[in-house]
Structures are given as structure tokens and as C-alpha cells.
Amino acid sequence: MVIRVLFFGALAHDLGAGGTELDLSDNATVGDALLRLSEAHPVLDRYRTRLATAVNLEYVDAAHPLRDGDELALIPPVSGG
């Protein structure tokens with residue numbers, strides 16, 4: 001299956017992109033996608049424990065199953081004043 005991954009905030013800045021497509025096995029979860037992305041982009045490890053994840057505009061956890069065509073958003077913590 002192929003999903004679309006969106007990067008936001010400092011994560012998008014550090015990766016130099018707003019998103020990518022990811023090819024995963026049919027039974028993949030959000031956690032599987034994060035592992036695959038961190039292998040390709042080690043900078044993601046800095047954010048992994050603090051990322052909010054959403055699939056198709058709904059917040060989910062790492063065990064959430066993915067389906068072909070899903071949109072996975074990776075949202076790092078935001079600070080400011």
C-alpha cells in the first residue's frame with residue numbers, strides 16, 4: 001500500500017520537505033511507518049517520542065492500522081509565545 005506522509009513545524013524544516021509518499025506492507029501500522037521513516041531520515045529520532053500522529057485528520061496512536069491511500073500527519077510539539 002502507499003500512504004502520504006505530511007511533516008509539520010520544525011520536523012518539516014529539519015527534513016527539508018513538507019511530505020513524502022511511503023510504500024508499506026498491507027498490514028502496516030503508524031508505528032511501522034514511523035520506524036521506516038526514521039530509517040530513511042535519522043533526524044526523525046529526535047522527535048519520535050514527542051510526535052503527535054494523525055491519520056486522515058484524526059489523532060491516533062502507533063498501533064493504528066493504515067490503509068492504502070491514507071494520509072499520515074507527523075506533528076512535533078510547538079512552542080512559542
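Which residue forms a salt bridge with aspartate 14? In this predicted model, aspartate 14 forms that bridge with arginine 46, and the closest N and O atoms are 3.6 Å apart. This is a predicted model, in which local features need pLDDT of at least 70, side-chain atom pairs count only at pLDDT 80 or more, and totals for chains, interfaces and linings use all residues. Residues are numbered from 1 along each chain as its sequence is written, and side-chain values use heavy atoms, with hydrogens and water left out.

**Salt bridge**

- A salt bridge is a side-chain nitrogen of Lys or Arg within 4 Å of a carboxyl oxygen of Asp or Glu, and by this rule the count comes to one salt bridge.
- The pair links distant parts of the chain, 32 residues apart: aspartate 14 belongs to helix H1 (residues 9-15), whereas arginine 46 sits in the loop between H2 and E3.
- Helices (H or I, at least four residues) and strands (E, at least two) are DSSP runs, numbered from the N terminus.
- Aspartate 14 counts as partly exposed because its relative accessibility is 32%, and arginine 46 counts as exposed because its value is 55%.
- Buried means under 20% relative accessible area and exposed over 50%, with partly exposed in between (1.4 Å probe, protein chains only).
- Side chains of opposite charge can pair when their charged atoms come close.

**Helix H2**

- Val30, Gly31, Ala33, Leu34, Leu37 and Ser38 are the buried residues in helix H2 (residues 30-40).
- Seen down the axis of H2, these buried residues fall within an arc of 155°, so they line one face of the helix; the arc is that of the directions from the helix axis to the C-beta atoms.
- Glu39 and Ala40, on the other side of H2, are exposed.
- The cover over the buried residues of H2 includes strands E1 (2-7), E2 (19-23), E3 (52-55), E4 (58-60) and E5 (71-75).
- Serine 38, which lies in helix H2, is buried, with a relative accessible area of 8%.
- Leaving aside its neighbours within four places in sequence, serine 38 is in contact with Leu44, Asp45 and Arg48, where contact means heavy atoms within 4.5 Å.

**Strand pairing**

- Two strands pair if DSSP finds at least two bridges between them.
- E1 and E2 pair in the antiparallel sense over five bridges; isoleucine 3 has leucine 22 in E2 as its bridge partner.
- E1 and E5 pair in the parallel sense over four bridges; arginine 4 has glutamate 71 in E5 as its bridge partner.
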